Amino acid sequence: MKKIGVLTGGGDCPGLNAVIRAVVKAASVKYQCEVIGVEDGFDGLVLPNRMRVLTPWSVRGILPIGGTILGTSNRANPFKYKVKTDDKSEVRDVSREVIKNVQSLGLDALIVIGGDGSLKIAYELFKMGCPVVGVPKTIDNDIMATDVTFGFSTAVETATEALDRLHTTAESHHRVMVVEVMGRYVGWIAVETGIGGGADAILIPEIPYDIEKVCKKIKDRKDTGSKSSIVVIAEGAKPIGGDVSLLSAAESGGSAERLGGIGNMVGDCICKSTEMEVRCVVLGHLQRGGTPDAFDRVLSTRFGVAVVDLIAKKRLGEMVCLRGQKIESVPLSEAVKDQKRVPTEEGLVKTAESIGISFGR
Ligand code: F6P
């Protein structure tokens, strides 16, 4: 093993830099191996001059820094790559160019640090003969085959702190606060934030809600002396028989489908039904930014070291993962098979319901 590449793809999250740092240090300390940093996700393997050598010196001090020093992109899919010519833009398959670039760089392996989208791309490239390995990242925690992804813990911490702050202002004004958190297709952030931050209702994509049940919960609280309530809602939650709330094309900035607006919709219904004042707070990208907490720093470091070991053992086409307390690996095919959803009849949901938190069902 002489030379490996590393890229970060998809939405950023706290802990990416900690993985990059661990990859560079482990490659250097354990294997005397060179690391090439690929900039802006898969863009860096298509566009010119988007690579640089990473040394232990160049990754000094990045452990506590959010984001990614390599840059990222959640639009650079080599299989459906947008190419702009003078007067038009078209979509091309540039996957063969990507593989050629990996070969001409002489990379023994390319480490893809990404969420479900980037890992699916990595798997497709692997099937075409590209020496790829994966590291699971996302604040959403929705990747199969790993108990947890790095970035999730920090996002939950940020959102929970927001709830602590919102409790005091809600209580003072006798208001209902609706807090919209990230989670396009899964409600992990909403459930953990709701439990950790003492919410009264949690609405998640996995459990379509009945708004009447949510309002009844709030009215019951009011009738028994609680002057304020907190509702945590995942951006991808939807009412029974209804659909998710999408942002307009303009707000999406031309990128893939983006969700948003459900918090305000639920807030309006609660206001009408309970006659209480309601405010909606959308936490949005605050959950993705900032310094990783200690858990994410440690997990990222373990993943970074483990993925370099994986390459040394020639276990290409695999992804590192956390199982219980142990770092293991799984084939990428298994990792991208399905999304990890919140179980609705056990675990966290049942814990929450046992202490009276409503899921609107
Ligand atoms: O996948 C992570 C995520 O944070 C989702 O929860 C959210 O819907 C999305 O990214 C937002 O992406 P963007 O950065 O394109 O707005």
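A polar contact is a pair of N or O atoms within 3.5 Å, in which, within protein, one atom must be able to donate a hydrogen and the other to accept it. By this criterion, 5 residue pairs are in polar contact between domain 1 and domain 2 of the predicted model, both residues of each pair being at pLDDT 80 or more.

Each of the two domains is assembled from separate stretches of the chain. Domain 1 comprises residues 3–150 + 292–324, and domain 2 comprises residues 153–289 + 343–354. Their centres, taken over C-alpha atoms, lie 33 Å apart. At the interface, 14 residues of domain 1 are in contact with 16 residues of domain 2. The size of an interface is often given as the accessible area lost when the parts come together. For this pair of domains the buried area is about 1,200 Å², with 52% of it on carbon and sulfur atoms. The interface also contains 1 salt bridge. A salt bridge is formed by the side chains of Arg-288 and Asp-12, with an N to O distance of 2.9 Å.

Helix α1 spans residues 16–31. Its 16 residues reach 22 Å from the first C-alpha to the last, close to the 22 Å expected at 1.5 Å a residue. The buried residues of α1 include Leu-16, Asn-17, Val-19, Ile-20, Val-23 and Val-24, as well as Ala-27. An α-helix has 3.6 residues a turn, so residues three or four places apart point the same way. Among the elements covering the buried residues of α1 are the strands β1 (3–8), β2 (34–38) and β6 (109–114), together with helix α9 (294–312). After α1 comes Gln-32, which has a positive phi, near 50°.

Technical notes. Residues are numbered from 1 along each chain as its sequence is written. This is a predicted model: local features need pLDDT of at least 70, side-chain atom pairs count only at pLDDT 80 or more; totals for chains, interfaces and linings use all residues. Side-chain values use heavy atoms; hydrogens and water are left out. Helices (H or I, at least four residues) and strands (E, at least two) are DSSP runs, numbered from the N terminus. The expected span of a helix is 1.5 Å times one less than its number of residues. Buried means under 20% relative accessible area, exposed over 50%, partly exposed in between (1.4 Å probe, protein chains only). Contact means heavy atoms within 4.5 Å. Domain bounds come from an automatic or database domain assignment. Buried area is the accessible area (1.4 Å probe) that two parts lose on being put together, summed over both. A salt bridge is a side-chain nitrogen of Lys or Arg within 4 Å of a carboxyl oxygen of Asp or Glu. A polar contact is a pair of N or O atoms within 3.5 Å; within protein, one must be able to donate a hydrogen and the other to accept it, and residues adjacent in sequence count only if both atoms are side-chain atoms.
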